[in-house]
Amino acid sequence: ANEKQVEEAFKILTADPNVKAILVNIFGGIMKCDTIASGIINAAKNVKLEVPLIVRLEGTNVEEARKMIESSDVNILTASDLNDAARKAVNSIS
């Protein structure tokens, strides 16, 4: 998915008032995680997300991707695995 597609997905999700958090789980086998992280960061900025965003990435350039997310000015929680992501999503709305 490209940045515009991620942005559209965020718009669709946040249009539903029942959506309390967004969890993105990516296993980047072919696509580099830093490229995916950049798209997620920019899409989140453009949509101005008001719900928690939890991102779990695994694959090529994952450490660089995590650093990008953590140093961005967007409130994104990173997770080490899917269980961690699920816990953070639940805790973010509790």
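A: Helices here are DSSP runs of H or I with at least four residues, numbered from the N terminus. The model is a predicted one, and with a salt bridge taken as a side-chain nitrogen of Lys or Arg within 4 Å of a carboxyl oxygen of Asp or Glu, the count comes to 7.

Helix 1, which covers residues 3–15, holds both E7 and K4, and these two stand 3 residues apart, about one turn of the helix; their side chains meet in a salt bridge with an N to O distance of 3.5 Å. E7 counts as buried because its relative accessibility is 7%, under the 20% cut-off, whereas K11, at 37%, counts as partly exposed.

Another salt bridge joins D73 to K45, with 3.4 Å between the closest N and O atoms. This pair links distant parts of the chain, since D73 sits in the loop between helix 3 (62–71) and strand 3 (76–79) while K45 belongs to helix 2, 28 residues away. D73 counts as exposed, with a relative accessibility of 68%, and K45 counts as partly exposed at 37%.

Returning to the pairs around E7, salt bridges that share partners join K4, E7, E8 and K11 into one network.

Methods: Residues are numbered from 1 along each chain as its sequence is written. This is a predicted model: local features need pLDDT of at least 70, side-chain atom pairs count only at pLDDT 80 or more; totals for chains, interfaces and linings use all residues. Side-chain values use heavy atoms; hydrogens and water are left out. Buried means under 20% relative accessible area, exposed over 50%, partly exposed in between (1.4 Å probe, protein chains only).
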